[in-house]
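I opened this model to look up one annotated site, the salt bridges and the packing. My entries are below, in the order in which I made them.

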Amino acid sequence: MSLVGKEIPEFTLDAYKPEEFIKVSQDDLKGHWSVLAFYPADFSFVCPTELEDLQDQYASLKELGAEVYVCSADTHYTHKAWHDAPDSDIKRIEYTMIGDPAHKLITAFDVLDEESGLAQRGSFIIDPDGIIQGVEINADSIGRDASQLADKIKAAQYVREHPGEVCPAHWKDNAKALTTGIDLVGKL
């Protein structure tokens with residue numbers, strides 16, 4: 001069952017935000033656009049490349065009014081250890097890393113790989129009301145491209161601000177959107 005259009009569930013979990021431990025709840029993901037990205041595990045192979053890529057896109061996502069949160073089945077203590085590890089590019093990360101060893105959030109967002117007990121590679125775009133507007137889930141061996149998140153958020157923001165309009169394939173910021181109506185049915 002798709003989570004698109006559904007409200008994020010209630011939760012409160014421990015997290016590591018560089019230089020401090022914090023609590024994160026569903027309320028922290030509301031009031032602004034949010035990206036919630038799940039990944040299998042710290043100290044692994046593809047995961048650091050994805051988190052580093054998210055950091056490379058972090059400033060542009062912040063310019064769009066979006067905050068980034070990542071989550072794995074590791075604890076917030078493990079996140080700090082990974083962040084502080086010598087020779088790790090993870091130390092560049094500025095966004096919040098949520099720990100979910102009890103799989104509460106991972107299960108609620110339906111990205112738990114029950115066989116491994118780890119999260120799948122799921123990315124969720126959440127609007128300021130806490131409603132999920134976009135979902136992407138990849139196999140463990142396929143990393144995500146964080147640069148695509150900005151375009152998806154821009155499109156979601158556009159349609160939120162322009163009711164009755166939709167963004168076609170390959171839509172970019174300031175491109176022509178479509179106004180829904182019977183005259184568009186069946187047209188390419």
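**Ground rules.** I worked on a predicted model, where local features need pLDDT of at least 70, side-chain atom pairs count only at pLDDT 80 or more, and totals for chains, interfaces and linings use all residues. Residues are numbered from 1 along each chain as its sequence is written, and side-chain values use heavy atoms, with hydrogens and water left out.

**Annotated site.** I looked up the UniProt record first, an unreviewed entry, and it lists Cys47 for "active site". UniProt positions are in the numbering used here, feature names are shortened, and annotations may be inferred rather than shown by experiment. I placed Cys47 in helix 1, residues 46-63. Helices (H or I, at least four residues) and strands (E, at least two) are DSSP runs, numbered from the N terminus.

Is Cys47 buried or exposed? I read a relative accessible area of 2% for Cys47, so I noted this residue as buried. The cut-offs are under 20% relative accessible area for buried, over 50% for exposed and in between for partly exposed, with a 1.4 Å probe and protein chains only. I then listed the contacts of Cys47, leaving aside neighbours within four places in sequence: Tyr39, Pro40, Ala41, Trp82 and Arg121. Contact means heavy atoms within 4.5 Å.

**Salt bridges.** I searched the whole structure and found 11 salt bridges. The criterion is a side-chain nitrogen of Lys or Arg within 4 Å of a carboxyl oxygen of Asp or Glu.

I took Glu50 and Arg121 next, whose side chains meet in a salt bridge at 2.7 Å, N to O. This pair links distant parts of the chain, with Glu50 in helix 1 and Arg121 in strand 8 (residues 121-126), 71 residues apart. Both ends came out buried: Glu50 has a relative accessible area of 4%, and Arg121 has 3% relative accessibility. Arg121 is also on my contact list for Cys47. I traced a network of salt bridges that links Glu50, Arg121 and Arg144.

I also looked up Lys30, which forms a salt bridge with Glu7, the closest N and O atoms being 3.0 Å apart. Lys30 lies in the loop between strand 2 (20-25) and strand 3 (33-38) and Glu7 in the segment before strand 1 (12-17), so the pair ties together parts 23 residues apart in sequence. Lys30 is partly exposed, at 26% relative accessibility.

The last pair I checked was Asp129 and Arg160, with closest N and O atoms 3.1 Å apart. Asp129 is in the loop between strand 8 and strand 9 (132-138), and Arg160 is in helix 4 (residues 147-161), 31 residues apart. I noted Asp129 as partly exposed at 45% and Arg160 as partly exposed at 38%.

**Ile8.** I found Ile8 in the segment before strand 1, buried at 5% relative accessibility. Ile8 and Phe109 are 101 residues apart in sequence and 8.2 Å apart in space, C-alpha to C-alpha. Not counting residues up to four places away in sequence, Ile8 touches residues including Phe109, Lys30 and Ile132.

**Helix 1.** I checked the span of this helix: its 18 residues reach 27 Å from first C-alpha to last, close to the 26 Å expected at 1.5 Å a residue. The expected span is 1.5 Å times one less than the number of residues. I found a bend of about 50° at Gln57, taken as the angle between axes fitted to the seven residues ending there and the seven starting there. Gly65 follows helix 1 and has a positive phi, near 85°. The buried residues of helix 1 include Cys47, Glu50 and Gln57.

**Cores.** What does the largest nonpolar core hold? I noted 25 residues, of which Leu51, Leu54, Leu61, Val68, Val70, Tyr95 and Met97 touch the most other members. Helix 1 gives the most to this core, with 5 residues. Apart from it lies another core, of 21 residues, among them Val24, Leu29, Ala119 and Phe124. A nonpolar core is a set of buried Ala, Val, Leu, Ile, Met, Phe, Trp, Tyr and Cys residues joined through side-chain atoms within 4.5 Å.
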